[in-house]
Amino acid sequence: MAILEVSNIEKHFENTKVLKDVSFSLEEGKALAIIGSSGSGKTTLLRCLNFLETPDQGKISVRGEMLFDASRSAAENEKNLRTKRLHFGMVFQSFNLFPQYTALENVTLAEKLLAKERPDFKQKKKEILDSINEHGKALLAQMGLSDREGHYPHQLSGGQQQRVAIARALALKPDILCFDEPTSALDPELTGEVLKVIRKLADKKTTMIIVTHEMAFARDVADQVIFMDEGFIVEQGDAAQVIDHPQEERTKQFLTRYTQG
């Protein structure tokens with residue numbers, strides 16, 4: 001059963017159509033890789049899913065719940081926006097960690113802010129915060145960063161910062177974890193450690209959408225691949241099938257250029 005349904009999404013920036021009639025679905029526990037040239041609309045699509053951008057047309061639903069419907073009023077779509085965003089965790093290219101907080105504080109910040117809204121927070125403050133800290137420590141351990149809990153971002157390598165960002169995205173237990181070119185800001189020797197973490201998440205059947213230029217990684221880790229060009233989905237299907245045996249001429253051109261590059 002599909003956990004995510006995206007129907008006829010369009011996004012314009014002034015007179016430029018960035019997304020054109022984008023539709024796809026994703027099953028729970030599956031990994032979807034989105035590939036394509038720079039400017040093809042990949043990142044804008046992720047930002048629409050996370051409601052960092054508002055689509056001009058289309059619908060987005062998770063677990064059968066309609067999160068966004070362009071035919072509804074803006075007020076209706078804005079209602080409970082934060083709750084809607086919690087369905088998605090976002091890992092950005094450039095980490096976006098708060099420099100004034102330690103690794104553990106970055107991971108637990110959002111969960112602590114939400115906890116303050118609990119009706120029993122004042123009565124159980126210590127118990128709740130201790131539980132959140134333990135959860136954060138467990139996530140950093142999962143990322144291989146138990147010895148970096150008290151380090152600030154400037155004391156961490158790029159790969160370590162990105163792993164902290166992944167732990168932070170997992171902290172609120174999102175239905176779908178989204179990655180926007182998670183290795184593009186890393187030196188080649190640090191790329192492997194981040195891809196290893198994502199591979200482990202895929203092995204644990206974490207539902208993921210990964211925008212990536214790492215074609216071999218996409219083929220080996222993703223269940224599905226979408227190839228985008230000029231705002232359209234040109235081809236989608238089984239990862240190995242699309243990457244090794246593309247059917248559309250535009251997909252073939254892109255992958256040939258990639259392999260030759």
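Biologist: By class, how many residues in the lining of the second largest pocket are charged?
Modeller: First, note that this is a predicted model. The lining of that pocket has six nonpolar residues and three polar ones. The charged residues in this lining number four.

Biologist: What volume does the second largest pocket have, and how many residues line it?
Modeller: Its volume is about 160 Å³. Thr54, Phe68, Ala74, Asn77 and Glu78 lie nearest its centre. They belong to a lining of 13 residues.

Biologist: Which element gives the most to the lining of the second largest pocket?
Modeller: The elements that give two or more residues to the lining of the second largest pocket are α2 (74-78) and α3. The top contribution is three residues, and it comes from α2.

Biologist: What is the volume of the largest pocket?
Modeller: The largest pocket is lined by 22 residues. Nearest its centre lie Leu86, Phe88, Ala110, Arg168 and Leu172. Its volume is about 710 Å³.

Biologist: Which element gives the most to the lining of the largest pocket?
Modeller: The largest pocket has 22 lining residues. Two or more of these come from each of α3 (81-85), β6 (88-91), α4 (103-115) and α6 (158-171). The greatest share is six residues, from α4.

Biologist: How many residues in the lining of the largest pocket are nonpolar?
Modeller: Start with the others. Four residues of this lining are polar and three are charged. The nonpolar residues number 15.

Biologist: Now the helices. Are α4 and α6 roughly parallel or roughly antiparallel?
Modeller: The axes of α4 and α6 come within 8 Å and cross at roughly 20 degrees. Angles under 35 degrees count as roughly parallel. The two helices are therefore roughly parallel.

Biologist: Which residues of α6 meet α4?
Modeller: The crossing of these two helices is right-handed. On the α4 side, the contact uses Ala103, Asn106, Val107 and Glu111. On the α6 side, the partners are Val164, Ala167, Arg168 and Ala171.

Biologist: How do α6 and α7 lie, roughly parallel or oblique?
Modeller: Helix α7 covers residues 188-203. The axes of α6 and α7 come within 8 Å and cross at roughly 25 degrees. That angle makes the pair roughly parallel.

Biologist: Which residues of α7 meet α6?
Modeller: The crossing of α6 and α7 is right-handed. From α6 come Gly158, Gly159, Gln160, Gln162, Arg163, Ile166 and Leu170. They meet Leu190, Glu193, Val194, Val197, Ile198 and Leu201.

Biologist: How many nonpolar residues does the contact of α6 with α7 have?
Modeller: Four residues in this contact are polar and two are charged. The nonpolar count is seven.

Biologist: Is α4 roughly parallel or oblique to α5?
Modeller: Helix α5 spans residues 125-142. The axes of α4 and α5 come within 9 Å and cross at roughly 140 degrees. Roughly antiparallel would need an angle over 145. So α4 and α5 are oblique.

Biologist: Which residues of α4 make the contact with α5?
Modeller: The two helices pass in a right-handed crossing. From α5, the contact takes Ile128, Leu129, Ile132, Asn133, His135, Gly136, Lys137, Leu139 and Leu140. From α4, it takes Ala103, Leu104, Val107, Thr108, Glu111, Lys112 and Ala115.

Biologist: How many charged residues does the contact of α4 with α5 have?
Modeller: Nine residues of this contact are nonpolar. Four are polar. The charged residues number three.

Definitions and conventions
Residues are numbered from 1 along each chain as its sequence is written. This is a predicted model: local features need pLDDT of at least 70, side-chain atom pairs count only at pLDDT 80 or more; totals for chains, interfaces and linings use all residues. Side-chain values use heavy atoms; hydrogens and water are left out. On a 1 Å grid over the protein atoms alone, a cavity is a set of points where a 1.4 Å probe fits but cannot get out, and a pocket is an open set with protein on both sides within 12 Å along at least five of seven lines; lining residues have an atom within 4 Å of a point. Grid points are joined across faces, edges and corners, and a volume is the space filled by probe spheres set on the points. Helices (H or I, at least four residues) and strands (E, at least two) are DSSP runs, numbered from the N terminus. Ala, Val, Leu, Ile, Met, Phe, Trp, Tyr, Cys and Pro count as nonpolar, Asp, Glu, Lys and Arg as charged, and the others, Gly among them, as polar. Axes are lines fitted to C-alpha atoms, for helices over the stretch in contact, and angles run from 0 to 180 degrees between N-to-C directions. Angles under 35 degrees count as roughly parallel, over 145 as roughly antiparallel, 65 to 115 as roughly perpendicular and the rest as oblique. A crossing is left-handed if the near helix is turned anticlockwise from the far one by less than a right angle, and right-handed if clockwise. Contact means heavy atoms within 4.5 Å.
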